[in-house]
Amino acid sequence: MTTYDGGHATAAISGAVALNIADQAVASELKNVTVTDAAHVQNIAQKDGALVAAGLGLAATKKNNEGQSAFDATGAFSINEATNAVDATIKDSTIAAENGVSNIAYDSDTQVAGGANVAFVKSGKTSVGIGASAAVNDVHNDIDATLTGSTVTAADGTVLNHAAENLTQIVAAVGVAATTGGTTGVAIDASLASNNAENALGATISNSTLTAGRVDNAAYDADDIAKPFDQIIENNSVNATGSAYLDNATNNAATNGRDAAKTGDMTDRDYDVDLSSHGSTKQITAALSVSAATESGGVAGAGAAAIGTLQNTMDAVINTSTIDAKRVASQAKSDAVAVDVAAGVSVTGGTLSGAGSVAAQYTSDKTRAFLSNSQVTADDVTVTADSGNVDVTVAGQAGFGQNGLGLAVAFHHLGNTTGAYLVGSDVTAKTADGVAVTVTGTNHDTVVSVGAGVTGGETAAVNGSIGINQGNDDAEAIIDATTDKATGTKRRTNIKKARKLLAKAEDSSTKVAVAGAAVVGAGVAVNYDNTDSTAHVAGGTIAAKTVRVEAETKDKILNVGLGGTGAAYAGVTGSLGVNILGGHTRAAISDTALTGKTAGGATITSDGNVIVAAQRDGSIDNLAGVAAGSGLGASVGASVGGNVIATEVTADIDDAATSVNATGGTAETVSDRL
């Protein structure tokens, strides 16, 4: 801290910076090798690590002379920056291992960043205290498990190709600015906490010939990866798991609903968010700013922002390969928790108090599983993508003074796709019982945004709270053809001797927006959901005992907009709650792919039933309310709640080149409720 004393004025300035930058690569490779008569072959690329950055800024001044002024400024900045590449590769090799071959790439990282500042001024005349804190985590991971150009024989064993991650990001920024003792005081504090994660996971089997009991190809969030550095961090009194934040978010009134079946209240559906059962990847962002100016001529301002960005691409790909196994699976799974909390508090005995907070989460995930351009002989073929992320943002503010201003904003943007794709491949049964083929894209994400604030003023007070969820969580299950880029030749998907075929896309997400404002102000809560659920068989030849192509949307939407006022003379309050729903729920068998290109004709033959079903049956709860009261004057309150629904639900068997021939099996009823 640097202090300057000029006789009539004193200044204290301090700052702290903590910075970590890491760029690491881990690789394990088997290339051009021949292995015979082995029991088990393992190729593992593993990275474990932790980055911890903490900055503390402190400035304090005390002046008893009534003619003197004082100025304090302090800042604290903490940054963790990491770039990681983890690669496990088996390439151009021939391996015979009776019990199996494992090729695994995984990363388990922890980032903790904290910034705190304190500015305190006591002066006889004019006091100014300014503080700022910023804490940032930024990580870019590229995790690849690749098996390519190889021949692997594993008898009844498993060929396992996995790319996995277990990432924890925790960031907290806290600041306090206070002035007292003089005639005029200005206290201003700002805090910024930011987490950014961009992860690319790829599990790829290509140009290979595999013979095994089981082929397991997967890219996913993993909760069973050891994190040895976490205990070291915990031993130094730093929370490396974020358990306290997760517990608070779970117990938040907006996320801890009750069971409608028990209460009989239709607005009290089961919207519980249990964060303990989710989250291999955890991203926790918290910011708090407090300002206080006790002087009669005091001004206090506090602002806090918690910003989280999560952009994951998880691709499980089997391409251009020949596989003979009892079970073949290509699977992608996303299971992350993101919690963003921001709060601003300002108090003054003087003219103006202002407090604001923003909590925002941007999530753009691609969770995809592919089986393409391959020949597969098996008893069971599964191509599945599953997303079960939980995102919670909470923004709060409180301000008190002669005049008060307050704003709290909680915002989510979603741009997610969860898809399973069986394209340009030949699948046939290994035994007379037939092959079961399952292609499913399932989304059951949960998103909660809560904005709440209270502002009090002897003369005037204005307060606003906003909670917004916006975007899409698309689910896809596609069986289609591929096109050779060089020749333009289409390769259709052919499925023979199947005992069953299921192509199913399902969205069962939950979205909750809550906004509450007290005194003079408004609460605005908005859910905007434009999610598509698409199950589509486009072209190809399928022979199966039963064929089911299903698209389901059974989302749960809750919107709560509340306003309240209580004033000595007059009060005005309002609330707005709006749900805007769009999107298309579509199940189809046709010759035209989603791209609009023809797939070469769809031919379906079944000695049972062929069912194409699209259903939408979600629940929508919308609450908008106000409470208004005043002692001497008038109080006015208004609330508006509404739903705008522009959704489409279609089930099609279409196009002249499409042929469906089913002899019929046991009668089945498709319910109009899911």
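This is a predicted model: local features need pLDDT of at least 70, side-chain atom pairs count only at pLDDT 80 or more; totals for chains, interfaces and linings use all residues.

Val 17 belongs to a nonpolar surface patch of about 510 Å², which it makes together with Leu 19, Ile 21, Phe 77 and Ile 79. Which strands supply the patch with at least two residues each? They are strand S2, covering 9-31, and strand S5, covering 69-91, and the largest share, 3 residues, comes from S2.

Let me now step back to the protein as a whole. It has 674 residues, 54% of which are buried, and its secondary structure contains 3 helices and 41 strands. The accessible surface comes to about 25300 Å², and 54% of that area belongs to carbon and sulfur atoms. If we take the contacts between residues at least 6 apart in sequence, 85% of them join residues at least 24 apart.

How confident is the predictor, and where does the pLDDT fall below 50? The mean pLDDT is 81, with 79% of the residues reaching 70 or more. Over residues 252-271, however, the pLDDT is below 50, although the model gives this stretch 42 contacts beyond near neighbours in sequence. Residues 626-637 also have a pLDDT that stays under 50, and for them the model has 38 contacts beyond four places in sequence.

Next, the aromatic rings. How many aromatic pairs does a search of the whole structure find? It finds 1, and that pair is formed by Phe 370 and Tyr 421, whose ring centres are 5.0 Å apart and whose planes stand at 20 degrees, so the pair is classed as stacked. The two partners come from distant parts of the chain, 51 residues apart, with Phe 370 in strand S18, residues 366-372, and Tyr 421 in strand S21, residues 390-423. As for accessibility, Phe 370 is partly exposed at 21%, whereas Tyr 421 counts as buried at 12%.

Val 524 is partly exposed, with a relative accessible area of 24%, and, not counting residues up to four places away in sequence, it touches Ser 465, Ile 466, Gly 467, Ala 515 and Leu 576. From Val 524 to Gly 577 the distance is 6.0 Å, C-alpha to C-alpha, while in sequence these two are 53 residues apart.

Ile 557 sits in strand S33, residues 556-567, and it is buried, with a relative accessible area of 0%. Its C-alpha atom is separated by 9.9 Å from that of Tyr 528, which is 29 residues apart from Ile 557 along the chain.

Is Thr 585, in turn, buried or exposed? Thr 585 is buried, at 0% relative accessibility, and its place is in strand S35, residues 584-590. Leaving aside neighbours within four places in sequence, the residues in contact with Thr 585 include Ser 533, Ala 551, Arg 616 and Val 649.

Ala 155, in the loop between strand S9 (151-153) and strand S10 (158-180), has a phi near 50 degrees, which is a positive value in a residue other than glycine, and Ala 155 is partly exposed at 42%. Thr 320, in the loop between strand S14 (297-319) and strand S15 (322-334), likewise has a positive phi, near 50 degrees, and at 36% relative accessibility it counts as partly exposed.

That is where I will stop, and I am happy to go back to any of these places on the screen.

Key:
Residues are numbered from 1 along each chain as its sequence is written. Side-chain values use heavy atoms; hydrogens and water are left out. Rings of Phe, Tyr and Trp (its six-membered ring) pair if their centres lie within 6.5 Å; planes under 30 degrees apart count as stacked, over 60 as edge-to-face and the rest as tilted. Helices (H or I, at least four residues) and strands (E, at least two) are DSSP runs, numbered from the N terminus. Buried means under 20% relative accessible area, exposed over 50%, partly exposed in between (1.4 Å probe, protein chains only). Contact means heavy atoms within 4.5 Å. Patches are made of residues with over 30% relative accessible area and no salt bridge: like charges are joined within 9 Å, nonpolar side chains (Val, Leu, Ile, Met, Phe, Trp, Tyr) within 5 Å. Accessible areas come from the Shrake-Rupley method with a 1.4 Å probe; for residues, only the protein chains shown count as cover. A salt bridge is a side-chain nitrogen of Lys or Arg within 4 Å of a carboxyl oxygen of Asp or Glu. pLDDT is the predictor's confidence in each residue, from 0 to 100.
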